[in-house]
Amino acid sequence: MRDLNALKLIIEKTLVQQVEKISLVDLVDLFVEYAYIAHASDIHIQPEDEKVRIRFRVDGILQDIFGEIGIGKIIHHEIISRIKVISGLRIDEHLTPQDGRFRTKVEGIGDINIRVSIMPTYHGENAVLRILAETQEWKLEDLGFTPNELEKVKKSIKRPYGMILSNCTTG
């Protein structure tokens, strides 16, 4: 598995290349790998008037990781087409919402399931890719408890009765 910062640099170098030199297969795979390593729940590809925003939802907050690059609208249609192809969606349909899914294998990680939602907007098609990684492991310490709260939860887990309820905002 690659380092998050190294992966970000690879994606940035890819995005600043000429459109003809960019491998869209690799680019979409890099987005998924980045999302997995960053513990993002989803990837948002949002067209705007002049550019495209690629944002990752991490801990319920959408983060514009590549905002300073200014991804051109030229590549937007190509990214959406690639996502549609691997999701089994119609690439010739641009005016109605579409939902699909695909599975990809990331080196060093394993299989990752992705649920896809494509929605037409004024500036083009918006895509949301929900990361459903079967291999992603979460530890109790990763949930953001304070040390005191973590100790309370660990004690409660050992009890033979009761229930632990955990919830969060959806950002």
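**Close-up views of the predicted model**

**View 1. With a relative accessible area of 14%, T14 is buried in this predicted model.** T14 belongs to helix 1. Residues up to four places away in sequence being set aside, T14 touches I22, L27 and L30.

**View 2. The largest nonpolar core has 40 residues.** Among these members, F31, I43, I45 and F56 touch the most others. At least two core residues come from each of helix 1 (4-15), helix 2 (24-37), strand 1 (40-47), strand 2 (51-58), helix 3 (73-87), strand 5 (98-106), strand 6 (110-121) and strand 7 (124-133). Helix 2 supplies the largest share of the core, with ten residues.

**View 3. F31 is shown with its contacts beyond the neighbours within four places in sequence.** The residues in contact with F31 are I11, L15, I43, I54, F56, F66 and I79. Of these partners, I43 and F56 are, like F31 itself, among the core residues that touch the most other members.

**View 4. I83 is a buried residue of helix 3, with 1% relative accessibility.** I83 counts as buried because this value lies under the 20% limit. Leaving out residues up to four places away in sequence, the partners touched by I83 are V28, I45, V116, I118 and L129. The C-alpha atoms of I83 and L24 are 9.4 Å apart in space, whereas the two residues are 59 residues apart in sequence.

**View 5. One cavity of 30 Å³ or more is found in the whole structure.** The space in the largest cavity amounts to about 30 Å³. Its lining consists of K51, V52, R53, I54, D64, F66, G67, G70 and I71. Strand 2 gives the most to this lining, namely four residues. Divided by class, the lining holds three charged, two polar and four nonpolar residues. Two of the lining residues, I54 and F66, are also in contact with F31.

**View 6. Strand 5 has a covered face and an uncovered face.** Q98, G100, F102, T104 and V106 make up the covered face, while D99, R101, R103 and K105 make up the uncovered one. In a regular strand, side chains alternate between the two faces of the sheet.

**View 7. Strand 5 and strand 6 form a hairpin.** The two strands run antiparallel and are joined by nine bridges. Within this pairing, T104 of strand 5 stands opposite I112 in strand 6. Three residues lie between the strands, and G108 in the turn has a positive phi of about 85°.

**View 8. H39 has a positive phi although it is not a glycine.** The phi angle of H39 is about 60°. H39 is located in the loop between helix 2 and strand 1. With a relative accessible area of 36%, H39 is partly exposed.

**View 9. D59 also has a positive phi without being a glycine.** For D59, the phi angle is about 55°. The loop between strand 2 and strand 3 (61-63) contains D59. The relative accessible area of D59 is 73%, and D59 is therefore exposed, the limit for this class being over 50%.

Key: Residues are numbered from 1 along each chain as its sequence is written. This is a predicted model: local features need pLDDT of at least 70, side-chain atom pairs count only at pLDDT 80 or more; totals for chains, interfaces and linings use all residues. Side-chain values use heavy atoms; hydrogens and water are left out. A nonpolar core is a set of buried Ala, Val, Leu, Ile, Met, Phe, Trp, Tyr and Cys residues joined through side-chain atoms within 4.5 Å. Buried means under 20% relative accessible area, exposed over 50%, partly exposed in between (1.4 Å probe, protein chains only). Contact means heavy atoms within 4.5 Å. On a 1 Å grid over the protein atoms alone, a cavity is a set of points where a 1.4 Å probe fits but cannot get out, and a pocket is an open set with protein on both sides within 12 Å along at least five of seven lines; lining residues have an atom within 4 Å of a point. Grid points are joined across faces, edges and corners, and a volume is the space filled by probe spheres set on the points. Ala, Val, Leu, Ile, Met, Phe, Trp, Tyr, Cys and Pro count as nonpolar, Asp, Glu, Lys and Arg as charged, and the others, Gly among them, as polar. Two strands pair if DSSP finds at least two bridges between them.
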